[in-house]
Amino acid sequence: MEKRSRHVVFIGLVGSLLIITAVAAGTLYRLITKSLPDIEGNAALADLSAEVEVFRDPAGFPHILASSEYDAYVAAGYVHAQDRLWQMDVLRRYGQGRLAEILGPEALPIDRLMRTIGLHHIADSLMKSVSPQTRRVLDAYCAGVNAFLRDHEGSYPIEFDILQYDPEPWLPVHSLIVTRLMGWELALSWWTDLVMGDLVARFGEEKARTFFPTSDGEAVILPPHIATVTNGVLLRDGLLASQRLLGRPGSAIGSNSWTVDSAHAMRGKPLLANDPHLLYMQPARWYVMHLQAPGLNVAGVTVPGAPAVVIGHNEYIAWGMTNVMADDVDFFIEEVRERDSTYRIGERILPLAVRTDSIFVRDSLPVVMQVQETVHGPIISTVHPQEGRIRKPSRFAAQPSVSMRWAGQDASDEILALYQLNHATDWTGFLDALQHFGVPSQNFVYADIHGNIGYTAAGHIPLRRTGISPQLPNPGNSVLQPWLGYIPFDELPRTFNPSSGKIATANNRIVEESPWHISSLWESDSRYMRIRQMLEQQPSFTANDFSLMQMDVQSVYAGTIRDIMVEALRRWPTRPVLLTRVMNLLARWDCRMSISSVEASIYNVAYVHLLRGTFADELDSALFDHFVFLSNVPTRVLPRLLQDTGTTIFDNIRTPGVETRQHILIRSVTEAVNELRARFGPDMARWQWGEMHTVEFRHPLGAISPLDRIFNVGPFSVGGNNTTVNNGEFSLADPFDASVGPSMRFVADLASPDSSYIILTTGQSGQPFSPHYADHSALWQSGATHRLVLNTNAIRRSGWKRLLLQPAGS
């Protein structure tokens, strides 16, 4: 009896454990799947006027088929929220300076920065100036997002559960914040102007020229007044913190786009390719969408949180973008009188505009901050005053005040520009749309079904008064309005149907001479030259050819530096046997940085040592890291110095001897070989570039173990570096993981305007348990693409899963 009783108890315990396990498993399953979108069946939306069909293709791309534009944009908001709701909320909070509310004190540097810049105030101002059409589109989009929020309360993505908060309703101004964030990310001068000011203050005008990127026909403006001003880390902590949150630090600036006309296309109509190079992050940067309604049939990539197709095509035209690299930020050293909160311009004493902000911090007390503004913009030197290292003339306040003027502070209507671009049917309509585009300034590449190709720059590029430096901080007391406006749209660089039948852009210098200052921050022309080389290698092309070109990892730039390295090794009479072998490997190398290339590893590691050997002794470690952060600056400066026989930059000022270019080159290669031997062993076959050059797509919560295994994607081996068409940029200060590269790849063949080819970095979904969270990653790594279809009849016959959105009550 006792034995039987024990047996019954045992069975009961086992049964209880099984029940508990089943309940726990069910709860966990519910937790991780409750927010996955419904992609079949019906859903009722109060704001619809008629039914909308949403087909999902095998790649997870939604095809929205509506009977009115308004309903199409309602559905766009709904499907964005289905797949990317937490990403949308993070971007909104980032722009508002409200991340600390959910992430805690670690996000305070980001919030302080964004509150100081005042992006949310800029967006509020933009709402008052946008067109009625923009407002209608945003209202429809918000209706779709908020319909999803209402209908799925309690079933939001898992990030909301982990952080224990719910999303707020989506407002039209939030979409403007998201779009203006892209302009802020691609504004380059916030980094370089302050670093160049540091260099002039440390070395004086003549020696500082050594570190400045220059171009033929572009003089470097080094006004004498700046020699007493140095700047340490005003914006940098907040900027780097935001990049670490979204992925990893990087300069995030490059892109490729090119097109050929009908005569150079195998199928007799133009081809167009585009791959924007941005910071790697997870979820993916872009969201692919197809919108169809009467008068609208457009597909391509959208930004989660905004309703329009940014890059893509319709039935008539295709377009791509690359960054102009415009110099659209200036800094001003203001003469502030703290005792009465005023500042001086000329003989005028003006009151500072002061606003007080409270930053709510998770599990901590609120932080109160004041932001001061002059006519030039917000004073950014108060973002982290404890870190300021600004030396100043005695007439300035105890802590000198640096204000920032940015083109993004002024009115523009990018949503209207993209709306009209999505509807454009020819070159004239294309140009009409881009008149409304302000920030970030972009190179737009165009092709149409009639065989035409074209290019235009678009955006707000400042017209500066004489004496205003575009490269260095300026004295704020010299002039009330340092900018006279912007370069007129019709006077920006442009071409239509060039005689070559080919157009390429890769962030390189746009024109030889311009009456206006556009920039001095161009990328090296290496990617552009390689694209031109490939376009000259055959008479005509296919869409597949363009996809292969996007994966090219041969560096024109590396060929120049490699030849100089090899020559230095050849002139070394006591060269060791191992270095002779390295010299011969490099000499025979075709400069392709494939993941299996040993030579690519030797070159890239030697290149990093060459940069340090050239510049680090002149700079402290922080200034060196800041100098190489925007990689195109040292990338352009170094070849010029290597060709300059009169420079003394290669002498290490920390040693008693006098080093030459030859010494530094030999030392760089030697140190590279020693580093590779220490990391991989003596067998050179193991020194493969893909073993040390990898990419991991990091989620904001992926920094926390074990959440990294759930949210992060990768790592994967990747080829290239910042000078190859298939961009594999890594931090020159903290090599060699890739931080910037193709955020998507897109190819359009206008012989088949009802489809195109596209791939994202990871996947369509922002939800880690979705089958589309990372299903693109292997294809992206290999260069494959998905076909994106516009033909509505083919979509309806496809058999793809269909969600029918219906007006509530119908």
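Where does Asn507 lie? In this predicted model, Asn507 sits in the loop between strand E23 (502–505) and helix H14 (526–535). Its backbone deserves a look. Phi of Asn507 is near 65°, a positive value in a residue other than glycine. Most residues other than glycine have a negative phi. Asn507 is also buried, because its relative accessible area is 0% and the cut-off for buried is under 20%.

Ser341 has a positive phi too, about 55°, and is not a glycine. Its loop runs between strand E10 (329–337) and strand E11 (342–345). Ser341 is partly exposed, with a relative accessible area of 30%.

**Cis peptide bonds**

Most peptide bonds are trans. The bond that joins Gln282 and Pro283 is cis, with omega about 5°. Pro283 belongs to the loop between strand E5 (271–279) and strand E6 (287–293). Another cis bond leads from Val439 to Pro440, and its omega is near -10°. Pro440 is found in the loop between helix H13 (427–434) and strand E17 (442–448).

**Aromatic rings**

The count of aromatic pairs comes to 27. One of them joins Phe160 and Tyr165, with ring centres 5.0 Å apart. The planes of Phe160 and Tyr165 stand at 55°, so this pair is tilted. Both Phe160 and Tyr165 are buried.

Tyr557 and Tyr607 form a pair of another kind. Their ring centres are 6.0 Å apart and their planes meet at 75°, so the pair is edge-to-face. Tyr557 lies in helix H16 (residues 556–570), and Tyr607 lies in helix H18 (residues 598–616). The pair therefore ties together parts that are 50 residues apart in sequence. Tyr557 is buried, with a relative accessible area of 7%. Tyr607 is buried as well, at 5%.

Rings also gather in a group. Trp427, Phe430, Phe437, Phe444, Tyr446 and Phe496 make up one aromatic cluster. Elsewhere, a charge meets a ring: Arg494 lies over the face of Phe489, at 4.6 Å from the ring centre.

**Salt bridges**

How many salt bridges does a search of the whole structure find? The search gives 32. The table shows some of them.

| Salt bridge | Closest N and O atoms |
|---|---|
| Asp410 with Arg405 | 2.8 Å apart |
| Arg592 with Asp552 | 3.5 Å apart |
| Glu696 with Arg698 | 3.4 Å apart |

Take Arg592 and Asp552, which form a salt bridge. Arg592 lies in the loop between helix H17 (577–588) and H18, while Asp552 lies in the loop between helix H15 (543–550) and H16. So this pair ties together parts that are 40 residues apart in sequence. Arg592 is partly exposed, with a relative accessible area of 35%. Asp552 is buried, at 8%.

Now take Asp410 and Arg405, which also form a salt bridge. Is Asp410 buried or partly exposed? Asp410 counts as partly exposed, at 22% relative accessibility. Arg405 counts as buried, at 13%.

In the bridge between Glu696 and Arg698, Arg698 is partly exposed, with a relative accessible area of 27%.

Asp89, Arg92, Arg93, Arg98, Glu101 and Glu168 are joined in a network of them.

How values were computed
Residues numbered from 1 in each chain as written. Predicted model: local features only at pLDDT ≥ 70, side-chain atom pairs only at ≥ 80, totals over all residues. Heavy atoms only, no water. Helix = DSSP H or I, 4+ residues; strand = E, 2+ residues; numbered from the N terminus. Buried < 20%, exposed > 50% of the residue type's maximum accessible area, 1.4 Å probe, protein only. Phe/Tyr/Trp six-rings, centres within 6.5 Å; stacked < 30°, edge-to-face > 60°. Lys NZ or Arg CZ within 6 Å of the ring centre and 35° of its normal. Salt bridge = Lys/Arg side-chain N within 4 Å of Asp/Glu carboxyl O.
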